[in-house]
Amino acid sequence: MTDDADAQTGSSPRQRKIIHVDMDAFYASVEQRDNPDLRGKPVAVGGSRERGVVAAASYEARKFGVRSAMPSVTAKRQCPDLIFVKPRFEVYKAVSQQIREIFAEHTPVIEPLSLDEAYLDVTENLQQIPLARDVALAIRARIKEVTGLNASAGISYNKFLAKLASDHRKPNGQYVITPETGPAFVETLPVGKFHGIGPATSARMNALGIFTGLDMRNQTLEFMQANFGKSGAYYYWISRGVDHREVRASRIRKSVGAETTFSQDLTAFDAMAAELQPLIDKVWRHCADKGSRGRTVTLKVKFNDFQIITRSRSVPVAVASRDDLERLSVALLQNEMPVRKPVRLLGVSLSSLQGDDEDEAQLGLPI
Ligand SMILES: [Mg+2]
């Protein structure tokens, strides 16, 4: 293939390049990496006891039909030599963090689905690699180098197809689905293999004579909506290889806040604005000490009946001074005047979102 998902086609001005990266048998592979005795052997991460379930199975175990979410007793029956290993989530989390750092070398638009899976939008990737398939190759090679583990990748023009594609050459492979090949790829696929279609929906589709992507595509939008409600439209479009969902970067709030409960309830603006001052001092001092910055100021108000409301305001760049923090906080309070009930507590917080730093770094890049 010379053309691919990366090519800007005339039909869609916002053609995107999305990679779905999925680690191969993640927990089990980490255990085999860290304990050579487990290599080449059927391994299940999870509890071996009566009520235990398999959290992850090595490829050697999968040959015997051992799958994640399978009761451990069933797994043991299918594969008598199965070795059970206790999960070490702290280790998996640390490896997951290493992997995310590798992703971040290529794009800030990372949507983790779990510790071992993520969507990346690499339409405009930081290393300006023209083809998404090459970004995927670079990421997978780097993951191998840093963690010793194999990853597979699916590369396409939307999330739905990228996720399907990552399964297609597993383990340790990658696959590209282009706008030209997308609809055909979906055609032959059993509906049960569609991401988001579970066994129950799959059975209902089968009962309606819908077994493959092609069967689904032969239905009208009205039919799909009538039978599957809100999801009907989503199915209708994915059966045509169309999925406009964006890759959503996960944003974790980190905030610094302070609050105070008054000795008696307040209703006057001036009195409350005065009470805000020490809170603003405290928050600002803390931010200055920690070197943390934030773009979102939140005012918390607790009334005398213990009802709590919060009001926030975000600014485009990090709040730069105590005065700015005061101005924003007081304005939020002003907006609540006159207060609907006597106020018993006020709080102020300044929060940043993970990723804000990168945004700012990007703004500062030379053109
Ligand atoms: Mg995986």
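## A helix that folds back

Helix H10 (residues 221-238) has 18 residues, yet its end C-alpha atoms sit only 12 Å apart. A straight helix would reach 26 Å at 1.5 Å a residue; the expected span here is 1.5 Å times one less than the number of residues. Look at Phe228, where H10 bends by about 145 degrees. That bend is the angle between axes fitted to the seven residues ending at a residue and the seven starting there. Helices here are DSSP runs of H or I with at least four residues, strands are E runs of at least two, and both are numbered from the N terminus.

The buried residues of H10 are Met224, Phe228, Gly232, Ala233, Tyr235, Tyr236 and Ile238. Buried means under 20% relative accessible area, exposed means over 50%, and partly exposed lies in between, with a 1.4 Å probe and protein chains only. The cover over those H10 residues includes helix H6 (159-168), helix H7 (182-187), helix H8 (199-207) and helix H9 (213-217).

## A word on the model

This is a predicted model, with residues numbered from 1 along each chain as its sequence is written. Local features need pLDDT of at least 70 and side-chain atom pairs count only at pLDDT 80 or more, while totals for chains, interfaces and linings use all residues; side-chain values use heavy atoms, with hydrogens and water left out.

## Met216 and its contacts

Met216 belongs to helix H9 and is buried, with a relative accessible area of 0%. Leaving aside residues up to four places away in sequence, Met216 touches Val191, Phe194, Ile197, Met205, Ile210, Met224, Tyr235 and Ser239. Contact means heavy atoms within 4.5 Å.

## The magnesium site

Over to the metal. Asp22 (OD), Met23 (O) and Asp116 (OD) coordinate the magnesium ion at 2.1 to 2.4 Å. Donors are N, O and S atoms within 2.8 Å of the metal (3.2 Å for Na, K and Ca), and water is not among the atoms, so sites may look incomplete. In sequence, the donor residues are spaced D-M-x92-D. Met23 in strand E1 (residues 18-23) and Asp116 in the loop between strand E5 (110-114) and strand E6 (117-121) are 93 residues apart, so this pair links distant parts of the chain. Both Met23 and Asp116 are buried.

A hairpin connects E5 to E6 through two residues, and Ser114 stands opposite Glu117 in E6.

## A three-stranded open sheet

Three strands form an open sheet in the order E3-E2-E4, with mixed pairing. Strand E3 (54-57) and strand E4 (83-85) stand at the edges with a single partner strand each, so one side of each is left without a neighbour in the sheet. Neighbouring strands of this sheet are turned by 30 degrees against each other on average, direction ignored. Helix H1 (residues 26-34) packs on the sheet, touching E2, E3 and E4, and its direction makes about 110 degrees with that of E2. Axes are lines fitted to C-alpha atoms, for helices over the stretch in contact, and angles run from 0 to 180 degrees between N-to-C directions.

Strand E2 (residues 43-46) pairs with E4 in the parallel sense over three bridges, while three bridges join E2 to E3 in an antiparallel run. Two strands pair if DSSP finds at least two bridges between them. On the E4 side, Val43 has Ile83 as its bridge partner and Ala44 stands opposite Phe84; on the E3 side, Gly46 is partnered by Val54. In a regular strand the side chains alternate between the two faces of the sheet. In E2, Val43 and Val45 point one way and Ala44 and Gly46 the other, and all are buried.

Most residues other than glycine have a negative phi, and most peptide bonds are trans. Ala25, in the loop between E1 and H1, has a positive phi of about 40 degrees and counts as buried at 6% relative accessibility. Phe306 has a positive phi of about 75 degrees and counts as partly exposed at 48%.

As for cis peptide bonds, one joins Lys170 and Pro171, with omega about -10 degrees. Another runs from Met337 to Pro338, with omega near -5 degrees.
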